[in-house]
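Q: I have a structure open here and would like to talk it through with you. Could you take my questions as they come?

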Amino acid sequence: MAIKLIIFLLFVIIFIKSSNAANYNVITYGAKPDGRTDSTKPFLKAWASACRSAKASTIYVPKGRYLIKAAEFRGPCRNRVTLQIDGTIVAPTNYWALGNSGYWILFIKIDRLSVIGGTFDGKGAGFWACRKSGKNCPAGARSITFNWANNVLITGLTSINSQQTHLVINSCNNVNVRNVKLLAPDQSPNTDGIHVQASTGVTITGVTLKTGDDCISIGPGTRNLFMNNIKCGPGHGVSIGSLGKDFNEDGVQNITLLNAVFTGSDNGVRIKSWARPSNSFVRNVLFQNLIMNNVQNPIIVDQNYCPNNQGCPRQSSGVKISQVTYRNIKGTSKTPEAVTFDCSPTNPCRGIRLHDIKLTYMNRAATSSCKNIGGTTIGVVMPKSCL
């Protein structure tokens, strides 16, 4: 009697679970895990079924390699959607196959989405070679893009060899990125790890970023961004900006970076703006508990960004930088000058705080330089502060 009761209860539990969720296996829709057969349409059909479901749904991608061309996974959906990936998503080797849309995998206008696990292989080497040769090339594709998406979880995935940026979060709210790896060779052009812009409430934790451009780039309109436990390098560091390219541009505020290690990167933490008029701003930023290992520019503010000296000659940046704190930053600089503040002559940096900084160059004191800046120092500050 007891055994029958246990079996009945197990049946009830299984029934309840199955009735509360809908599952869609891409294989059922015709996807082939051979890495050669175009599985774009089966993936989109599975997405359409999940998106229409009144129940919370899971799209399952089993082990194997799936060739996917440019794909747009569009909402709104009726309920929560989870994309559970145990396989590898592979871009076409022919970089022209992704066209000039600028994206490979695009999630757009979705609320309550989870992307869990898997590897995304952007096959970027051919595109980088085209760019380097100076030939006629397509615009290039960002590997994974979220546009106008809210309440998103991205966890456990790996992205390798993206044509351009690995992961873009644009015009989103409440996005949690955790335990991801974004990898590309250090000389691969414009392969930023994560780019955030026009978004609020983004959290990035436990990520490993080895790229040919910024590990994390923070664009206009970013608010309440929290980053913790970040490994960066090679790459160009964690960068706010470049900002101020346009006169009317939203600012950046409430940015926190904690417990990060930079290894062999071009920069550690950087704020960068164009040397041209703008009403943009950067305020309320905290960089804390950072380790620099042979980093070219551990701490840098550059408000004279002007590539090829075009579009901004004899102008100064209108971007107002204020209330930026650097606390407990230690390690080694690859260059003699470990701290550089090159602020705008017309809009000087204000409220800059250096608290317990110890950066050396070849086992001796490094140097610092300051232009157009006001602030304070607390505790031991090496190199000697120029504030």
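Q: Among contacts with a separation of 6 or more, what share comes from residues 24 or more positions apart?
A: This is a predicted model, and in it residues 24 or more positions apart account for 74% of the contacts in the chain that have a separation of 6 or more.

Q: And what is the chain built from, in terms of helices and strands?
A: The secondary structure comes to three helices and 31 strands. The radius of gyration is 23 Å, close to the 21 Å that the globule rule gives for 387 residues, so the chain is as compact as a globular protein of that length. Along its principal axes, the C-alpha trace spans about 80 × 60 × 40 Å.

Q: How much of it counts as buried, and what does the chain expose?
A: Of the 387 residues, 51% count as buried, while the chain exposes about 17,000 Å², of which carbon and sulfur atoms supply 52%.

Q: Which residues touch the most other members in the largest nonpolar core?
A: That core has 92 residues, and the ones touching the most other members are Phe107, Phe146, Ile204 and Tyr326. There is also a second, separate core of six residues, which includes Tyr95, Phe127, Cys130 and Cys137.

Q: Going back to Ile204, what does it touch?
A: Leaving aside residues up to four places away in sequence, Ile204 touches Val177, Ile194, Val196, Ile216, Leu225, Phe226, Met227, Asn228 and Ile230.

Q: What follows α3?
A: Gly134 follows α3, and its phi is positive, near 80°.

Q: Which residues other than glycine have a positive phi?
A: Trp148 is one of them, with a phi of about 50°, and Gln323 is another, with a phi near 55°. Trp148 sits in the loop between β11 (142–147) and β12 (150–155), whereas Gln323 lies in strand β26, residues 320–333.

Q: Are those two buried or partly exposed?
A: Trp148 counts as partly exposed because its relative accessibility is 45%, and Gln323 counts as partly exposed at 32%.

Q: Switching topic, where are the cis peptide bonds?
A: One joins Gly233 and Pro234, with omega about 0°, and another runs from Met382 to Pro383, with omega near 5°. Pro234 is in the loop between β20 (223–232) and β21, while Pro383 is in the segment after β31 (373–382).

Q: What about Ser239, is it buried or exposed, and which strand is it in?
A: Ser239 lies in strand β21, residues 238–243, and counts as buried because its relative accessibility is 0%.

Q: What does the Ser239 side chain make a polar contact with?
A: The partner is the side chain of Asp214, at 3.1 Å. Not counting residues up to four places away in sequence, Ser239 touches Asp214, Ile216, Ser217, Ile218 and Arg270.

Definitions and conventions
Residues are numbered from 1 along each chain as its sequence is written. This is a predicted model: local features need pLDDT of at least 70, side-chain atom pairs count only at pLDDT 80 or more; totals for chains, interfaces and linings use all residues. Side-chain values use heavy atoms; hydrogens and water are left out. A nonpolar core is a set of buried Ala, Val, Leu, Ile, Met, Phe, Trp, Tyr and Cys residues joined through side-chain atoms within 4.5 Å. Buried means under 20% relative accessible area, exposed over 50%, partly exposed in between (1.4 Å probe, protein chains only). Contact means heavy atoms within 4.5 Å. Helices (H or I, at least four residues) and strands (E, at least two) are DSSP runs, numbered from the N terminus. The radius of gyration is taken over C-alpha atoms; the globule rule is 2.2 Å times the number of residues to the power 0.38. Accessible areas come from the Shrake-Rupley method with a 1.4 Å probe; for residues, only the protein chains shown count as cover. A polar contact is a pair of N or O atoms within 3.5 Å; within protein, one must be able to donate a hydrogen and the other to accept it, and residues adjacent in sequence count only if both atoms are side-chain atoms.
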